[in-house]
Amino acid sequence: MRGNAEYVNIISGQALQVNGKSVFSDPLPVGEGWYRANLRIGLVFTVGTGTTPITDGELHFIKNILMKTDRGEIICNLPGKALYNIAKFKAGIVTPRKDNIAAANGTYYVNLPIYFAEHYLRMDRPEDTILDTKRYSSMTIEIQLGTVADLLTTVGTSSVTTTLDVEVVRTK
């Protein structure tokens with residue numbers, strides 16, 4: 001990244017609604033250029049009598065991430081699996097971290113970066129695609145999640161709660 005950049009934590013440990021939509025708008029700062037937004041979704045999983053984890057269930061569980069502006073512009077509108085695969089392609093050898101769901105109690109994390117500056121293409125000026133948030137007065141992130149059935153083939157008495165952390169890499 002050219003120039004000065006800073007990492008700013010804008011959402012930390014916010015609960016997400018399972019089998020529903022969670023909307024965040026107030027804590028999103030505008031006014032700077034954004035290089036990347038890092039979303040980290042934590043799944044606190046209690047198995048109970050559930051069995052057989054689904055491959056990439058933690059990605060299928062994240063039904064949609066919608067980031068939009070007050071001007072009606074849609075910045076991102078993708079399910080978790082697509083966003084993860086795009087980030088994997090853009091990151092190259094170093095892939096975003098995700099914990100594979102197992103039929104065991106625990107906390108599993110999925111990191112989903114949303115890239116705005118296109119450094120992965122080795123462009124002469126990757127900042128040409130930076131998200132300039134000074135054009136907006138507000139931005140919103142909506143996250144829609146599925147159910148335990150997206151994680152296990154046999155749900156039983158299993159349950160899951162989720163949290164969200166969002167960090168932005170922006171110009172200083």
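Predicted model: local features only at pLDDT ≥ 70, side-chain atom pairs only at ≥ 80, totals over all residues.
Close-up 1. The ring centres of Phe45 and Tyr108 lie 6.2 Å apart and the ring planes meet at 70 degrees, so the pair is edge-to-face. Since Phe45 belongs to strand 3 and Tyr108 to strand 7, the pair ties together parts of the chain that are 63 residues apart in sequence.

**Close-up 2. The aromatic pair of Trp34 and Phe116.** A search of the whole structure finds two aromatic pairs, and one of them, formed by Trp34 and Phe116, is tilted, with 6.3 Å from centre to centre and 50 degrees between the planes. This pair links distant parts of the chain, for Trp34 sits in strand 3 while Phe116 sits in the loop between strand 7 (106-115) and strand 8 (131-132), 82 residues apart. Trp34 counts as buried at 1% relative accessibility, and Phe116 is buried with a relative accessible area of 8%.

**Close-up 3. The salt bridge between Glu6 and Arg170.** Eleven salt bridges are found in the structure, and in the one shown here Glu6 is joined to Arg170, with the closest N and O atoms 2.9 Å apart. Because Glu6 lies in strand 1 (residues 5-16) and Arg170 lies in strand 11 (residues 159-171), the pair ties together parts that are 164 residues apart in sequence. Glu6 counts as partly exposed, at 24% relative accessibility, whereas Arg170 counts as buried, at 13%.

Close-up 4. Arg40 forms a salt bridge with Asp165, in which the closest N and O atoms are 4.0 Å apart. The two residues come from distant parts of the chain, Arg40 from strand 3 (residues 33-46) and Asp165 from strand 11, 125 residues apart. The charged end of Arg40 also sits over the ring of Tyr109, at 3.7 Å from the centre of that ring. With a relative accessible area of 30%, Arg40 is partly exposed.

**Close-up 5. The salt bridge between Lys63 and Asp150.** Lys63 and Asp150 form a salt bridge whose closest N and O atoms are 3.0 Å apart. Lys63 lies in strand 5 (residues 62-69) and Asp150 in the loop between strand 9 (139-145) and strand 10 (152-154), so the pair ties together parts that are 87 residues apart in sequence. Lys63 counts as partly exposed, at 36% relative accessibility, whereas Asp150 is buried, with a relative accessible area of 16%.

**Close-up 6. A network of charges that includes Lys98.** Four residues, Asp56, Glu58, Lys81 and Lys98, are linked in a network of salt bridges. Lys98 has an aromatic ring to consider as well, for its charged end sits over the ring of Tyr84, 5.9 Å from the centre of the ring.

Close-up 7. Four strands make up an open sheet in the order 2-9-5-6, and their pairing is antiparallel. Strand 2 and strand 6 (74-78) stand at the edges, each with a single partner strand, so one side of each is left without a neighbour in the sheet. From one strand to the next, the twist averages 10 degrees. Within this sheet, strand 5 and strand 9 pair in the antiparallel sense over seven bridges, and Leu145, in strand 9, is the bridge partner of Ile62. Helix 2 (residues 80-91) packs on the sheet, where it touches strand 5 and strand 6, and the direction of the helix makes about 110 degrees with that of strand 6.

**Close-up 8. Val18 and its surroundings.** Val18 lies in the loop between strand 1 and strand 2 (21-24), and at 27% relative accessibility it counts as partly exposed. Leaving aside residues up to four places away in sequence, Val18 touches Phe61, Leu145, Gly146, Thr147, Val160, Thr161 and Thr162. Val18 and Thr95, by contrast, are 77 residues apart in sequence and 26 Å apart in space, C-alpha to C-alpha.

How values were computed
Residues numbered from 1 in each chain as written. Heavy atoms only, no water. Salt bridge = Lys/Arg side-chain N within 4 Å of Asp/Glu carboxyl O. Buried < 20%, exposed > 50% of the residue type's maximum accessible area, 1.4 Å probe, protein only. Phe/Tyr/Trp six-rings, centres within 6.5 Å; stacked < 30°, edge-to-face > 60°. Lys NZ or Arg CZ within 6 Å of the ring centre and 35° of its normal. Contact = heavy atoms within 4.5 Å. Pairing = 2+ DSSP bridges. Axes fitted to C-alpha atoms, helices over the stretch in contact; angles between N-to-C directions.
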